Amino acid sequence: MNIEPKSQTTKPHAASSRAAHAPAGTSSAFTKHVQDKAPSAHAPAGTPSSSTKHVPTKTAQVVLALLRKELLVELRTLESVPGMSLFAVSTFVVFHFALHRSAVDGDLAAGVLWVTLLFAAMLGVNRLFVADAEQGGFDGFLLAPVDRSAMLLAKVCALLAYLVVLELVAVPAFALLLLGPSLGQALPGLVGVIALADVGIAVIGTLIAALAVRTRARDLLGPLLALPLLVPVVIGGARASSPLLAAGHAGGPGGRWLALLALYDLVFGLIAYAVFDFLLED
Amino acid sequence: MRVPSSSVPSLRTLSIATVVAMGVAFGLVFFYAPIELEEGFLQKIFYLHVPLAIVSLCGFVSGGLMAIAHLRTRDSRWDLRSYVTIHMSLIFGVAVLLTGSIWARGSWGHWWVWSEPTLVSYLIVFLLYATYQPLRFAIEDPERQARYASVFAIVAGAFVPLNFLAVRLSTSYLHPRVLGGSSNLPGPMRLTFLVSLAAIALLFVTLCSYELTAKRTRIMLKSRSRILGYR
Amino acid sequence: MSHGAAETAIGVKPDRPRHGEVLQVAGLVRCYGEREALGDVSLSLHEGHTLVVFGPNGAGKTTLLRVLATLLRPHSGSVRIFDRGLPEEAWAVRGRIGLVGHEPLLYRELTARENLRFHARLHGTPPARVEALLDALAMTDRAEEPLRTLSRGMVQRVAVARAVLHEPRLLLLDEPYANLDPTAIALVGPLIGGESGCTRVVCSHDPTGGLAEADLVLGLRAGRPALLRAAADVDPGEITELYR
């Protein structure tokens with residue numbers, strides 16, 4: 001339905017007022033028209049009045065911007081990482097009383113460590129998208145000309161960062177409070193196992209957090225969905241750490257467990273990348 | 001919209017086929033298959049337990065495949081199929097766990113054993129899919145509900161084989177597999193097993209078709225009454 | 001799904017739409033489950049013109065705006081913006097649309113400057129533009145305080161800055177002057193008002209004020225267009241009728 005403009009004089013008026021006043025930051029339609037005709041795919045960030053709107057912003061830039069925002073918000077609110085770390089230490093204390101042991105080693109040590117890390121991770125997973133859901137972060141992101149997978153990458157990296165800080169607190173606390181044999185030699189192996197497992201936890205955690213955040217009872221649904229999915233990570237992580245934490249250092253982590261963790265990370269990494277977009281759109 | 005009367009004859013055919021197949025399987029299990037030496041009569045529950053498990057696992061994975069179709073075509077019919085398939089597999093899953101438990105009690109004297117990797121992995125898969133319906137009901141917007149459910153079905157479908165691998169690795173570390181696989185079954189047992197498998201599969205497909213038809217009819221009824229309500 | 005591949009000037013569709021029309025909507029339908037949130041909406045809007053949408057709460061104004069903003073997919077019908085069809089080519093037009101909705105879409109714990117810099121990075125806009133906008137909105141002295149300490153009016157100003165950061169040519173405004181005092185309205189006017197020269201779709205509850213800035217008027221009732229005429233042919237009485 002084509003409607004004639006209200007008055008023929010509107011357009012020239014607008015043009016002259018634009019040229020006359022040109023308020024700060026509003027470039028005139030003329031320069032825009034000229035620039036739009038010659039878009040470049042690699043417009044550097046410093047280009048004044050970059051009108052290359054039909055070329056999306058480069059993904060690496062977007063991921064970095066998102067990650068920076070994530071970490072900034074976390075630093076200001078401190079709502080994930082301190083909670084997770086404190087929870088882990090408290091859990092070790094609870095385990096001491098529940099198991100009625102002063103020192104654990106081998107299988108038992110691996111079990112205590114991985115259960116604690118897993119449940120502490122769930123706390124972080126619960127909070128991951130809450131700020132975005134409540135403060136319009138999804139819409140703000142969806143309005144930008146960007147590849148939506150950038151949010152997945154950024155959130156996985158952020159969750160990984162939180163997990164690393166958690167482990168920097170939890171593992172020494174564990175060695176101090178509950179672990180019988182000393183960590184020393186086993187530390188590099190343990191770090192490797194934890195690193196592999198962390199990727200799996202971060203990927204599944206991000207996926208489930210995105211799934212659960214816009215539902216009712218989101219705090220309940222998140223762990224309920226994530227725990228069964230993370231059983232292979234627990235299997236791989238615990239079985240691989242067990243010889244490392246054994247008295248007398250029974251040996252290195254079994255190759256098959258590391259392979260299992262790596263396979264898990266690969267499979268779910270690919271699946272997360274494929275389905276994440278469907279969780280964001282409406 | 002066509003009244004799904006054309007699917008009624010095929011429903012009837014399916015039902016008849018299922019009843020026949022189950023009858024034959026029943027007969028074979030009780031009168032043809034030999035009684036196993038070690039476990040005795042109770043071993044016959046194997047012909048119910050394993051086909052139920054295989055069919056429901058295939059159901060879970062097909063639910064994931066249908067979910068992929070739903071996300072690609074945005075056709076809500078695929079979502080309905082995915083939902084019904086997963087729902088039915090979950091119901092069969094309860095039967096799997098029950099029969100598995102009875103079998104464990106009969107064979108090893110405990111209602112649950114950790115030494116049987118397939119049973120253990122099945123429990124984990126069951127716990128995962130048990131969250132499917134709470135997830136769906138926690139989302140009000142129907143389109144988003146379907147989309148999120150499909151994402152879940154895809155992730156869970158990919159999880160099934162990985163999980164079996166992981167548990168198998170971890171269990172064989174502790175105990176050798178007590179159960180013989182279906183690959184080294186003697187002749188009569190193998191035949192009985194395959195017929196039971198076919199019968200259970202038919203049962204699954206028939207029940208799913210019934211539920212699909214019922215749901216489709218209800219949707220159609222709702223949309224017709226809504227149109228009449230507006231006029 | 002990255003569309004970051006190089007697009008040369010030769011292969012690119014000129015974004016000057018045919019017949020000077022920025023917006024072409026035909027038979028747009030958007031459902032919420034069984035309910036029709038938008039039914040059979042058709043209109044077209046010339047460049048530089050303003051469409052004002054009236055209607056009671058729940059009539060579908062916000063839904064329409066969100067469909068145009070590419071946040072919601074049309075369930076039926078066609079929507080073309082800058083001669084690109086939604087939703088397939090939504091990625092191509094996002095950078096040219098600015099939305100001021102009910103939510104400011106800003107993080108409360110971050111400062112105005114941090115929020116705007118974040119959005120600037122998302123859009124590939126240089127940081128100098130952030131400073132220019134903060135200056136234009138007289139927010140420079142409050143730019144380093146977390147948003148949760150600012151009044152609603154100030155947050156709304158930052159929200160407007162967020163919307164125009166990337167110099168969009170189509171503005172989608174959902175009651176943008178709510179929470180703004182006359183000074184603030186005067187400040188945001190050049191950015192999102194009629195004098196900005198942008199093509200605008202504005203949701204409004206104010207019959208006289210809305211009519212004054214409109215070229216085209218759309219009245220929605222229960223998702224359906226009850227009124228679609230040039231503003232010159234509409235009187236405020238008809239608009240108040242919509243709310244009955």
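**View 1. Six strands of chain C form an open sheet with mixed pairing.** In this predicted model, the strands line up in the order 6-7-8-3-9-10. Strand 6 (97-100) and strand 10 (224-230) of chain C sit at the edges with a single partner strand each, so one side of each has no neighbour in the sheet. Direction ignored, neighbouring strands here are turned by 15° against each other on average.

**View 2. Zooming in on that sheet, strand 3 and strand 8 of chain C run parallel.** Four bridges hold residues 50-54 of strand 3 to residues 199-203 of strand 8. To get your bearings, look for C:Thr50, whose bridge partner in strand 8 of chain C is C:Arg200.

**View 3. Chain C also has an open sheet of four strands, with antiparallel pairing.** Read across, the order is 2-1-4-5. The edges belong to strand 2 (35-46) and strand 5 of chain C, each of which pairs on one side only. How much are neighbouring strands of this sheet turned against each other on average? The figure is 25°, direction ignored.

**View 4. Strand 1 and strand 2 of chain C are joined by eight bridges, with helix 1 of chain C packed on their sheet.** Strand 1 covers residues 21-32 and runs antiparallel to strand 2. C:Leu28 is a handy landmark: its bridge partner in strand 2 of chain C is C:Val41. Helix 1 (residues 61-68) of chain C touches strand 1, strand 2 and strand 4 (76-81) of chain C. The direction of helix 1 makes about 60° with that of strand 2 of chain C.

**View 5. Helix 3 and helix 4 of chain C cross at roughly 140°.** The axes of helix 3 (residues 112-123) and helix 4 (residues 127-136) of chain C come within 9 Å. The two helices of chain C are therefore oblique to each other, and their crossing is right-handed. On the helix 3 side, the residues that meet helix 4 are C:Ala112, C:Arg113, C:Leu116, C:Arg117 and C:Ala120. Facing them from helix 4 of chain C are C:Pro127, C:Arg129, C:Val130, C:Leu133 and C:Leu134. By type, the contact has seven nonpolar residues, no polar ones and three charged ones.

**View 6. A cis peptide bond links C:Leu86 to C:Pro87.** Omega is near 0° here. C:Pro87 belongs to the loop between strand 5 (84-86) and helix 2 (90-93) of chain C.

**View 7. C:Asn179 has a positive phi without being a glycine.** Its phi is near 70°, and the loop around C:Asn179 runs between strand 7 (170-174) and helix 6 (182-192) of chain C. Is C:Asn179 buried or partly exposed? C:Asn179 counts as partly exposed because there are 16 C-beta neighbours inside 10 Å.

**View 8. Over in chain A, A:Leu78 is a non-glycine residue with a positive phi.** The phi of A:Leu78 is about 50°. You'll find A:Leu78 in the loop between helix 3 (59-77) and helix 4 (81-99) of chain A. A:Leu78 is exposed, with 10 other C-beta atoms within 10 Å.

**View 9. Stepping back, chain A has twelve helices and zero strands.** Of the 282 residues in chain A, 48% are buried. Among contacts in chain A with a separation of 6 or more, 81% come from residues 24 or more positions apart.

Definitions and conventions
Residues are numbered from 1 along each chain as its sequence is written. Chains are lettered from A and ligands numbered from 1 in the order in which they are written. This is a predicted model: local features need pLDDT of at least 70, side-chain atom pairs count only at pLDDT 80 or more; totals for chains, interfaces and linings use all residues. A residue is buried if 20 or more other C-beta atoms lie within 10 Å of its own, exposed if 12 or fewer, and partly exposed in between; C-beta atoms are placed from the backbone. Two residues are in contact if their C-beta atoms, placed from the backbone, lie within 7 Å. Two strands pair if DSSP finds at least two bridges between them. Axes are lines fitted to C-alpha atoms, for helices over the stretch in contact, and angles run from 0 to 180 degrees between N-to-C directions. Angles under 35 degrees count as roughly parallel, over 145 as roughly antiparallel, 65 to 115 as roughly perpendicular and the rest as oblique. A crossing is left-handed if the near helix is turned anticlockwise from the far one by less than a right angle, and right-handed if clockwise. Ala, Val, Leu, Ile, Met, Phe, Trp, Tyr, Cys and Pro count as nonpolar, Asp, Glu, Lys and Arg as charged, and the others, Gly among them, as polar.
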